[in-house]
Protein chains: 2
Amino acid sequence: MAITVVGSVAFDSIETPAGRRDRCLGGAATYFSLAASYFTSVRVIAVVGEDFTAEQQSVFDARGIDTQGIERASGKSFFWEGSYLENLNEAKTHNTELNVFGSFQPKIPDAYRDSEFLFLANIDPVLQKRVREAMPKAKLVAGDTMNYWIKDHQDALREVLKGLDILLINDTETRMLAKNNNLVQAARGVLEMGPRMLVVKHGEYGATAFYGKSHDALGAKTFRAPALPLEEVVDPTGAGDSFAGGFFGYLASQKDLTPGAFRRAMFYGSVMGSFAVERFGTERLQQLSREAIDQRFGMFRELTHLD
Amino acid sequence: MAITVVGSVAFDSIETPAGRRDRCLGGAATYFSLAASYFTSVRVIAVVGEDFTAEQQSVFDARGIDTQGIERASGKSFFWEGSYLENLNEAKTHNTELNVFGSFQPKIPDAYRDSEFLFLANIDPVLQKRVREAMPKAKLVAGDTMNYWIKDHQDALREVLKGLDILLINDTETRMLAKNNNLVQAARGVLEMGPRMLVVKHGEYGATAFYGKSHDALGAKTFRAPALPLEEVVDPTGAGDSFAGGFFGYLASQKDLTPGAFRRAMFYGSVMGSFAVERFGTERLQQLSREAIDQRFGMFRELTHLD
């Protein structure tokens, strides 16, 4: 089944202990769609400026990603500059220029409207809600958000959460959203806001899925996927979006959304996140194969299985 | 097979968001031996003062733990006071009184000398080494340490590491010991110091075992056991020692130390750590059953298994 994703397509300047890259292709929708493209067909809704050229377009084309929903506006694309020099788990933002993204009004191509899978990447919740409402045929809707929207736009965000099947955020965001420092209690609080499933991304420690209204920390309504201990993290940018792309892409590729499919999706999310950080920007995600992905899936399985 | 453990038996005054307990029974050897006692017979080498009464003795007796190696000295027992008010993952120490522990010279009862499993809990590495040398029949030797010994007594600690089969420490200690912020590289560095296996305890995120001299982050020489997301952590004190007790106790109960036995031992370590934090001090560890332990083992298995 095809996924439609709405989110940012951007340029990033990134500095990590492994080096520096200026203005490489980035943005949540970019990482998400590249990761998901190894599992299913992907359609992108975004806006870019005149600095988005044939070079960037070819990255999407090479992976067969439908970009007719990427609007070309006059001006410059969204730009982010950050570093991870002290802590690979937390970016330090040096500069953010919204540019054409500041007045982004998502336009949904007619050809996208039959998408049964919808991913609302981290953008203004007002826009997330508008896209959700314009896609009534979506049968599974997942989304992301960030501390900024949780802190200063919680009313609008709460409206989005009501319509979400799956929310994917990190530990800090979960605690902040539920105003509770205990992760299990916070997860329950978030589930009460609407999503049927919450996937908490723990970075290098993997991710945990919480689901079911009456879930119990000791019961079967929790599932944890490990992350691979990595010898070298070159650039953590986009790891969470790549997790989401692997997770949701795998789900969209399945005929039936069984509990087993969700578990495997959690592992595929971890796998795609682990690939993303091996090179700067989207470099690694551009050159994968389903075979390499499944090989790493097997390693992850081996990493944590008893039998 | 019997385990001999050398380490502290102490009194702890603990404050957490769940409340406060004054002078409850604690110490690494106490947590370790209680946790291990559900799997195998345990013999303790320690020193206590006159404040160690029949009440504390009965805790060991009830679990069938051999305490003839616990020396009674004149003076007071080791005392620690700490809190976890801001961060459940890190204790803030308010007071440490070594008391009789300050001049501890481990004395090994003859009846202990045939122990094939030896655990060197977190004490002065000079004493760890002395006990190791006095127990030549030990065929599997594991140990723990802490930042203080890594920072200020590294030469003595290095001598201990040379004779260890398994070192169990946390993330911060691993990075500090190897002087490398990347966990996988740091783990390799620690393995080069002597231990055949390094178990890195990640607190609420579980634990990772690294082993084999030529280990590769992507290969089969890494194993990760999850921790259970817990609804309520009452008191984190002793979680790491309880992990070690479950891990090493399970190994000692096995006829053959197969790779599968090590994997299950990692899970049993996580299980015992998860029980320990449910009540203050050793309360929870005193009243378990092997049935309850195996039930939780099943939950852990379910938590992370694909099939």
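In chain B, B:Phe11 stands opposite B:Leu25 of strand β3(B). This is a predicted model, so local features are kept only at pLDDT of at least 70 and side-chain atom pairs only at pLDDT 80 or more, while totals for chains, interfaces and linings use all residues. Residues are numbered from 1 along each chain as its sequence is written, chains are lettered from A and ligands numbered from 1 in the order in which they are written, and side-chain values use heavy atoms, with hydrogens and water left out.

Strand β2 (residues 10-16) of chain B and strand β3 (residues 19-26) of chain B pair in the antiparallel sense, over six bridges. For two strands to pair, DSSP has to find at least two bridges between them. Helices (H or I, at least four residues) and strands (E, at least two) are themselves DSSP runs, numbered from the N terminus. With two residues between them, β2(B) and β3(B) make a hairpin.

B:Gln56 touches both B:Phe11 and B:Leu25, along with B:Asp51, once its neighbours within four places in sequence are left aside; contact here means heavy atoms within 4.5 Å. B:Gln56 itself belongs to helix α2 (residues 54-62) of chain B. At 8% relative accessibility, B:Gln56 counts as buried (buried is under 20% relative accessible area, exposed is over 50% and partly exposed is in between, using a 1.4 Å probe and protein chains only). A polar atom of the B:Gln56 side chain lies 2.8 Å from the backbone nitrogen of B:Thr53.

Helix α1 (residues 28-36) is mostly covered in chain B, where nine of its nine residues are buried. Among them are B:Tyr31, B:Phe32 and B:Leu34. In chain A, helix α1 (residues 28-36) also has nine of its nine residues buried, so this helix is largely enclosed by the rest of the structure. The buried residues of α1(A) include A:Thr30, A:Tyr31 and A:Ser33. Another covered spot in chain A is A:Gln128, which is buried with a relative accessible area of 1%. A:Gln128 lies in helix α3 (residues 125-134) of chain A. Apart from neighbours within four places in sequence, A:Gln128 is in contact with A:Leu120, A:Ala121, A:Asn122, A:Ile123, A:Asp144, A:Leu157 and A:Val160.

Now for the charged pairs. Side chains of opposite charge can pair when their charged atoms come close. A:Arg23 is partly exposed, at 34% relative accessible area.

In chain B, the side chains of B:Lys139 and B:Glu116 form a salt bridge at 3.5 Å, N to O. B:Lys139 sits in the loop between α3 (125-134) and β9 (140-143) of chain B and B:Glu116 in the loop between β7 (92-97) and β8 (117-120) of chain B, so the pair ties together parts 23 residues apart in sequence. Both count as partly exposed, B:Lys139 at 46% and B:Glu116 at 26%.

B:Asp171 and B:Arg175 also meet in a salt bridge (4.0 Å, N to O). They both lie in helix α6 of chain B, four residues apart, about one turn of the helix. B:Asp171 and B:Arg175 are both buried.

Four salt bridges cross between chain B and chain A. The contact takes 37 residues from chain B and 37 residues from chain A. Between them the two chains bury about 3,600 Å², 50% of it on carbon and sulfur atoms; buried area is the accessible area (1.4 Å probe) that two parts lose on being put together, summed over both.

Conventions:
A polar contact is a pair of N or O atoms within 3.5 Å; within protein, one must be able to donate a hydrogen and the other to accept it, and residues adjacent in sequence count only if both atoms are side-chain atoms.
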